[in-house]
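Q: Could you walk me through reading a protein model, feature by feature? I would like the general idea at each step, and then the case at hand.

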Amino acid sequence: MRHIQALAVIFLSAATCAVFADPEGGKFCEASKFTKAVCKKKGCCEWDENKCWYTDGWNGGTCDGEVGGGEVLLPGLVGWSNGKVVWSNPPTAWGKKLCHKVTTVYGAAVCVTAKAWKKRSKCDHIVNVYYQLLDNDADGIPDDPGVLAELVNGGYLLIVPHTEGGEIGEVPGMGEAQVSTAEEAVINSCDAPTNRGATNDRSTWPSKVGTSSTGCTNERDATFEEILHLITTAAGKLYPAIWGGTFKSQAGKAIDTANGDCGWGFTKNYKDPSGDTCTGQYAYSDKTCKLDCVVVEGIYWAVASYVGALYTLDFAKGIKKEWLMATPDDGMPVLPAQVTNAKSLQSSTLYAMVSDTTSDGHAWLPHVMTDGRYQGDPEGGSPVTPPPIGAPAKNPIVAPTKPPVGPPVVSPTACPAGKKKGEQFCEQSGFTQAECTEKCCCAWEEDGCWFDNFSKCNEEEGCTKKEGKVKYTLLIKGEKKKFSCKSLENKPENKQKKICKKKITKKTSPFQKCPCVCNV
């Protein structure tokens with residue numbers, strides 16, 4: 001499996017401590033990888049020596065504060081402007097140990113670590129997928145205001161480290177947290193039907209199950225799964241009878257039925273559903289994935305099947321030991337072929353649940369697979385103030401943005417060379433937050449625009465790794481010398497100034513694109 005071990009790193013694990021006695025309680029608390037904040041919310045667990053431990057003498061029952069439990073993390077922060085993600089520095093109180101940059105998706109918080117930030121295009125991709133899942137019809141209005149309210153008001157945080165097992169931590173006010181790594185974010189994945197030559201017309205999918213000559217990347221984009229887990233958790237809190245993490249909820253009953261007699265890893269009776277030793281279509285071998293975990297995972301598999309994300313020859317084969325309903329609809333050739341238990345999703349009760357994307361309690365579900373290219377306009381980038389949980393309103397209330405202080409300022413689009421000019425450019429131009437965060441040498445912090453540094457400039461569009469290797473010829477003292485974007489950035493500021501004043505012989509593109517410290 002490509003995805004992160006389900007909900008072990010996600011910080012959700014089992015929903016309640018149930019009637020555990022040591023050592024079962026010990027496994028729940030100590031093998032869960034709970035953060036400090038989440039650990040303290042579990043009545044049977046306690047935090048000590050930088051680890052979550054089982055509380056001696058626990059008599060069983062339901063732990064308090066299972067889901068959410070946080071507070072609004074980034075109030076009023078602009079997350080989108082002019083068709084692009086807007087990134088900012090984290091609040092001062094957060095420090096920079098975990099989050100290097102932050103943004104919001106309709107008010108829901110996203111935190112990117114310093115290592116992940118080096119993969120800027122993937123960070124943008126992850127946020128675009130989040131937008132697509134919250135506003136799947138791209139009309140600029142979140143599909144389920146109630147679920148959005150739970151995500152925002154409950155302090156849910158999407159953490160983007162570079163790799164699985166990378167930097168993980170917590171921030172003040174954080175409720176639930178979900179990891180989606182930059183490494184496992186796949187741009188142009190074949191899991192989007194439109195990337196593999198089909199369209200969103202379901203009738204086109206059967207002819208595009210082969211992906212060898214389509215030009216898409218034959219890896220599943222884990223971003224879709226991880227963010228969907230976070231949203232599913234919020235939906236389970238808001239609509240527990242439908243999406244709650246037990247076999248008593250509607251989704252749980254359907255998932256239990258799909259398991260048949262194949263068992264689970266956490267009950268120590270897992271059987272491979274593709275091995276003709278049981279009769280189910282879904283089973284999970286991971287022993288750390290408890291009851292609510294297998295429910296959330298099952299919901300993911302059903303949603304992914306419905307939107308066509310799994311309907312390729314390679315994907316269906318690769319997941320067969322866990323999921324055998326990669327085929328969305330009746331009438332489509334069933335994949336993987338010649339596997340006894342494989343069948344269409346439509347032949348199960350899960351289909352009716354995930355294909356309904358309009359009814360109360362179902363509006364948060366996507367009907368189109370994400371591709372990381374959000375086409376909506378979330379009110380010009382203004383953050384959404386979510387309604388109280390349970391409010392029926394569809395239209396969100398848009399928080400007003402602060403007008404620029406002073407007269408309008410016409411500023412150059414690129415940052416000037418040198419720290420002193422950079423400080424003047426960022427701090428005295430009267431930029432709004434959106435304008436400030438668009439400048440590669442500026443950052444918005446504490447309600448003001450401040451000079452940051454030039455490191456971000458070398459990550460802007462037009463300065464990819466390939467672009468960074470391009471050599472530019474400069475005539476210095478009658479001698480031709482070659483510099484790459486990266487080599488220029490690494491030179492002292494006084495050297496940068498001298499080089500930038502020289503005449504540039506363009507090879508492929510103007511030097512000012514990379515980095516903007518060389519604004520000539």
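Predicted model: local features only at pLDDT ≥ 70, side-chain atom pairs only at ≥ 80, totals over all residues.

Q: How much of the protein chain counts as buried?
A: Of its 520 residues, 55% count as buried.

Q: What share of the contacts comes from residues 24 or more positions apart?
A: Among contacts in the protein chain with a separation of 6 or more, such residues account for 60%.

Q: Now a sheet, please. In what order do the strands of the open four-stranded sheet lie?
A: Read across the sheet, the order is β5-β6-β7-β8, and the pairing is mixed. β5 (101-105) and β8 (177-179) are at the edges with a single partner strand each, so one side of each has no neighbour in the sheet. From one strand to the next, the twist averages 25 degrees.

Q: In which sense do β5 and β6 pair?
A: They are antiparallel, with five bridges between β5 and strand β6 (residues 108-112). To find one of these pairs in the viewer, look for Thr103, whose bridge partner in β6 is Val110.

Q: Which helices pack on this sheet?
A: Take helix α4 (residues 120-134) to begin with: it packs on the sheet and touches β5, β6 and β7 (157-160). The direction of α4 makes about 20 degrees with that of β5. Helix α6 (residues 222-238) also packs on the sheet, touching β7 and β8, and its direction makes about 170 degrees with that of β8.

Q: How should I read the side chains along a strand?
A: The general idea is that in a regular strand they alternate between the two faces of the sheet.

Q: What joins β2 to strand β1?
A: Four bridges link β2 to β1 (residues 45-48), and the two run antiparallel. Within β2, Tyr54 is the bridge partner of Cys45. The hairpin of β1 and β2 has two residues between the strands, and Glu49 there takes a positive phi near 55 degrees.

Q: Let us turn to charges. How many salt bridges does a search of the whole structure find?
A: The general idea is that side chains of opposite charge can pair when their charged atoms come close. Here the search finds three salt bridges. One of them joins the side chains of Arg120 and Asp124, at 3.3 Å from N to O. Both residues lie in helix α4, four residues apart, which is about one turn of the helix, and both are buried.

Q: Where do Asp329 and Arg202 lie?
A: Asp329 is in the loop between α10 (313-318) and α11 (349-355), and Arg202 is in the loop between β8 and α6, so the pair ties together parts that are 127 residues apart in sequence. Their side chains meet in a salt bridge of 2.8 Å, N to O. Asp329 is buried, at a relative accessible area of 10%, and Arg202 counts as buried at 18%.

Q: Are Asp371 and Arg373 buried or partly exposed?
A: Asp371 and Arg373 form a salt bridge, with their closest N and O atoms 3.3 Å apart. Because buried means under 20% relative accessible area, Asp371 counts as buried at 17%, whereas Arg373, at 40%, is partly exposed.

Technical notes: Residues numbered from 1 in each chain as written. Heavy atoms only, no water. Pairing = 2+ DSSP bridges. Axes fitted to C-alpha atoms, helices over the stretch in contact; angles between N-to-C directions. Contact = heavy atoms within 4.5 Å. Salt bridge = Lys/Arg side-chain N within 4 Å of Asp/Glu carboxyl O. Buried < 20%, exposed > 50% of the residue type's maximum accessible area, 1.4 Å probe, protein only.
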